[in-house]
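Have the structure open as you read.

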Amino acid sequence: MNAHTRFDAAARAAAQTATEIASGAEIDIPLDRLKASPRNARKVPHTSEAIEALAASIAAKRMLQKPVVEPERDAEGAMTGYWLVTIGEGRRQALKLLAKRKVIKKSYPVSCMIEVDLDAQEISLDENITRSAMHPADQFEAFRDQAERRGLGAEEIAARFGVSAHVVRQRLRLGAVSPRLLAIYREDGLTLDQLMAFAVSEDHVRQEQVFECLSYNRSAHFIRSAMTETKVEARDRRARFVGLEAYAQAGGTILRDLFTEDGGGWLEDVGLLDRLVAEKLAGLAIDIRNHEGWKWAEGHLDYPHAHGFSRVYAYAVARSDEDKARLAALSEEYDALVDQLDSVEELPPEIEARFAEIDAALKAAGDSFAYDPDDLARGGVFVVLGHDGAPRIERGLIRPEDQARQPEDEAAEVEHGRDGEGDEADNGGGGAADSDREDDEPAEDAGAPLPDRLVQDLTAHKTCALRVVLGEHPTLALSAVTHALALGAFYPPYERASCLEIKATSAPLSGHAPGVEDSPAGLALAARHTAWGQRIPRDVAALWSFVETLDGDELLALLAHCAALSLNAVRSPFDRRPMALAQAEALAHAAGLDMTAYWRANATSYLSRVTKARIVAAVAEGVSVEAAQRLEGLKKPEMVAAAEEALAGTGWLPPLLRTEPASSGAGDKGSWPPATE
């Protein structure tokens, strides 16, 4: 008897009398004769993921539990020929999905159990309440057993249970956690988030070591950090520079985090990674040295600030007026063609040919700035790994032993008429001898050098007079101060070519904020310094003449740049300077500093480095209280990601970066020094 015959017999019997339909009877009912019961206690529909999982399970293993049904009746109580599914609505929808995909027919016979004695809603409610869900740990271990005992791969298991292969891999990883920690998880001694943090590595010994060391901080973030403290994150600048593929090809292993959206990961062989970084930096340095002709080139992970090197800069290449006009015309033509043909997908052959001609002509002309051959012969290059994983090239560095010697001592000897044979040759044996002979000085000593004490006396008077007249010439004093500051900014410290004892130091900031050189402010500062460096004369003796030729605006611009290099507003716990920091705030107000142009709040710069309470406060202040309230229940990583998205484009700044209104007496914005009455 086929399914339709059996169904028709049952229907005819039911049509005769409903009492003949006995509870507990099993019949096969065509799928297209099953309907959802309005008395099903579950009102929230099954998710599409749940239906997919049921469909996959039925396709792989057939339906393991029969749906419970009752006959549908019309207003007069007669059976309509359809059946209402009291228990098993999810299975009915899964079968319909299989029929839609033509895995089974729409009339597929479904084995059902009839129940007419009990209240339909009661048994539906009972079926959802009294059953106990499997503990997740049992599920994890069962998945692992399927993989180990039956040899099923993640993809095959996923197909049989209607979940993604990634979910299966996650459960397999959780099932491979130390049995001791799984037992603690079963007893509610660990949360699922904590267990996932332990599962980032399959090292049971390390898992148990970290668990033993847990104290008050038992967050998943702390556990994950402890599990990976000897490894390097995949987003580390070294990993980005070398590349995960190159690292893996060199034999390095990557520990993947299966419980983050981006897959995450840590590079386990730190020694190998550092070697690859050093080799790649050294290779880039060699290429630059060979291509550009420097004496030396070195690769460094970080810029070696305390090297004592001086710096030279490229100079503008001398060109005739005719060449300048020709190159300017070529550049303008190139830009005009680019603008004109920006929306054209395929360039005409004649235009491509013209572009090639212009490129060749500009390339033949060479760069507008070049280094002096002597500087190339004695100077070198640092190739430094930037904060973003990109190499940064620092050219024109001169080692102390390669510096051009400035014979200040020889100049002083010439001025005093010394022959370089020591102090006794200068004064005949010292001050006492001078006084003994002053009444009996031989005639041949008329051209002898003056005594040191007299030289000091005379030049002290001259210094005093110079102070008077320089103070009477503000513009000249401005030039002298600019000259003194520029000496420290662009020349070695021992080249003391200024009589003004003004010293400006420039504290490195990378020790306080790694990567600050690659920030918008750092790049802008470096570009301005390079632009001045290309104009400053290479010979320190020519600097004064250069400064004297600057007009008022340029002189002030150079002074401002040199003064700015010495500014230090870093707040350090070991260097308390309340008055200096207050003046920095006054300068920020006077200059109209707007840090939104140089800094933005993201996970790296701020959010991952502060407490959850501060993250919520930042969003409340930068977006809205309602937006902040939506973050309060999130865990730290999710909160950081959500806050970063919420604050994007808002221009929110932490209080330390805001330019607050000046206090009383600090002057109006744009005016410095403050006005006085």
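This is a predicted model: local features need pLDDT of at least 70, side-chain atom pairs count only at pLDDT 80 or more; totals for chains, interfaces and linings use all residues.

Residues are numbered from 1 along each chain as its sequence is written, and side-chain values use heavy atoms, with hydrogens and water left out.

The protein chain has 29 helices and 14 strands; helices (H or I, at least four residues) and strands (E, at least two) are DSSP runs, numbered from the N terminus. Of its 677 residues, 32% are buried, where buried means under 20% relative accessible area with a 1.4 Å probe, protein chains only.

Let us start with strand 13, residues 379-385, where 7 of 7 residues are buried. In a regular strand the side chains alternate between the two faces of the sheet. Here G379, V381, V383 and L385 point one way, and G380, F382 and V384 point the other way.

| Strands | Sense | Bridges |
|---|---|---|
| Strand 9 (residues 296-300) and strand 13 | parallel | 5 bridges |
| Strand 13 and strand 14 (residues 391-398) | antiparallel | 7 bridges |
| Strand 7 and strand 8 (residues 266-267) | antiparallel | 2 bridges |

A297 has V381 as its bridge partner in strand 13, and V384 stands opposite R392 in strand 14. The hairpin of strand 13 and strand 14 has 5 residues between the strands, and G389 there takes a positive phi near 90°.

Next comes an open sheet of 3 strands in the order 6-8-7, with antiparallel pairing. Strand 6 (232-233) and strand 7 (254-255) are at the edges with a single partner strand each, so one side of each has no neighbour in the sheet. I254 stands opposite L267 in strand 8.

Now for the helices. Helix 2 (residues 48-61) and helix 3 (residues 89-100) pack at about 70°, with axes 8 Å apart; axes are lines fitted to C-alpha atoms over the stretch in contact, and angles run from 0 to 180 degrees between N-to-C directions. The two helices, helix 2 and helix 3, are therefore roughly perpendicular, a label for angles of 65 to 115 degrees.

Finally, T482 lies in helix 22 (residues 474-490) and is buried, with a relative accessible area of 0%. Beyond its neighbours within four places in sequence, T482 is in contact (heavy atoms within 4.5 Å) with L555, L558 and L559.

Technical notes
Buried means under 20% relative accessible area, exposed over 50%, partly exposed in between (1.4 Å probe, protein chains only). Two strands pair if DSSP finds at least two bridges between them. Angles under 35 degrees count as roughly parallel, over 145 as roughly antiparallel, 65 to 115 as roughly perpendicular and the rest as oblique.
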